[in-house]
Amino acid sequence: MSAPQGTRLLPWSTPEGKTCLLVGDGSGFVSRVADSVESVQLGMAGELLGHAADMLGDRKATAEELRFLARRLTEALRDACRVAESRGARLPVPNREQ
């Protein structure tokens, strides 16, 4: 997804699943909330990876437990991809004329 410069992809969507964008310079209240949400999302993904490693090493884990884990990992990966897309879109474009 390509957004105009000064537009930020937010780490949440509407209840209908539509993309939320913020127009601004990145210093306002909503930007700070988005930064905080991204931080929480990435932290939770890291914790989930540790839990997944433990669970996958447990031969007693049930199919139901593993499916639940797979759903949570899918959500965490979706969040991490969205954070990467948002942050990547805000990186400065290098000057190619040099």
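Tutor: Let's start with Asp58, which sits in the loop between α1 (29–56) and α2 (63–89). The helices here are DSSP runs (H or I, at least four residues; strands would be E, at least two), numbered from the N terminus. Before going on, keep in mind that this is a predicted model, where local features need pLDDT of at least 70 and side-chain atom pairs count only at pLDDT 80 or more, while totals for chains, interfaces and linings use all residues. Residues are numbered from 1 along each chain as its sequence is written, and side-chain values use heavy atoms, with hydrogens and water left out.

Asp58 counts as partly exposed because its relative accessibility is 38%; buried means under 20% relative accessible area, exposed means over 50%, and partly exposed is what lies in between (1.4 Å probe, protein chains only). Together with Asp54, Glu64 and Glu65, Asp58 makes up a patch of negative charge on the surface. To join a patch, a residue needs over 30% relative accessible area and no salt bridge; like charges are joined within 9 Å, and nonpolar side chains (Val, Leu, Ile, Met, Phe, Trp, Tyr) within 5 Å. Asp and Glu count as negative, Lys and Arg as positive, and His and the chain ends are not counted. Each charge is placed at NZ of Lys, CZ of Arg, CG of Asp or CD of Glu. The areas themselves come from the Shrake-Rupley method with a 1.4 Å probe, and for residues only the protein chains shown count as cover.

Gly50 belongs to helix α1 and is partly exposed, given its 34% relative accessibility.

Now for the paired charges. Side chains of opposite charge can pair when their charged atoms come close. The structure holds five salt bridges, each being a side-chain nitrogen of Lys or Arg within 4 Å of a carboxyl oxygen of Asp or Glu. Some of them join up: Arg8, Asp35, Glu38, Arg87 and Arg90 are linked in a salt-bridge network.

Arg87 pairs with Glu38, their closest N and O atoms lying 3.0 Å apart. Arg87 is in helix α2 and Glu38 in helix α1, so this pair ties together parts that are 49 residues apart in sequence. Glu38 also bridges to Arg90, with 3.7 Å between the closest N and O atoms. That pair links distant parts of the chain too, as Arg90 is in the segment after α2, 52 residues from Glu38. As for cover, Glu38 is buried at 1% relative accessible area, whereas Arg87 is partly exposed at 38% and Arg90 partly exposed at 37%.

Apart from neighbours within four places in sequence, Ser86 contacts Arg8, Leu9 and Glu38, contact meaning heavy atoms within 4.5 Å. The C-alpha atoms of Ser86 and Arg8 are 6.3 Å apart, despite a gap of 78 residues along the chain.

Another salt bridge joins Arg72 to Glu75, with the closest N and O atoms 2.8 Å apart. These two are three residues apart in helix α2, so about one helical turn separates them. Arg72 is partly exposed at 24%, and Glu75 is partly exposed at 35%.

Last, a look at nonpolar side chains. Phe29, Val30 and Val33 make a nonpolar surface patch of about 260 Å². Phe29 lies in helix α1 and is exposed, with 61% relative accessible area. Val37 is also found in helix α1, and is partly exposed at 26%. Leaving out residues up to four places away in sequence, Val37 touches Pro11 and Trp12. Pro11 and Val37 are 26 residues apart in sequence, with a C-alpha to C-alpha distance of 6.8 Å.
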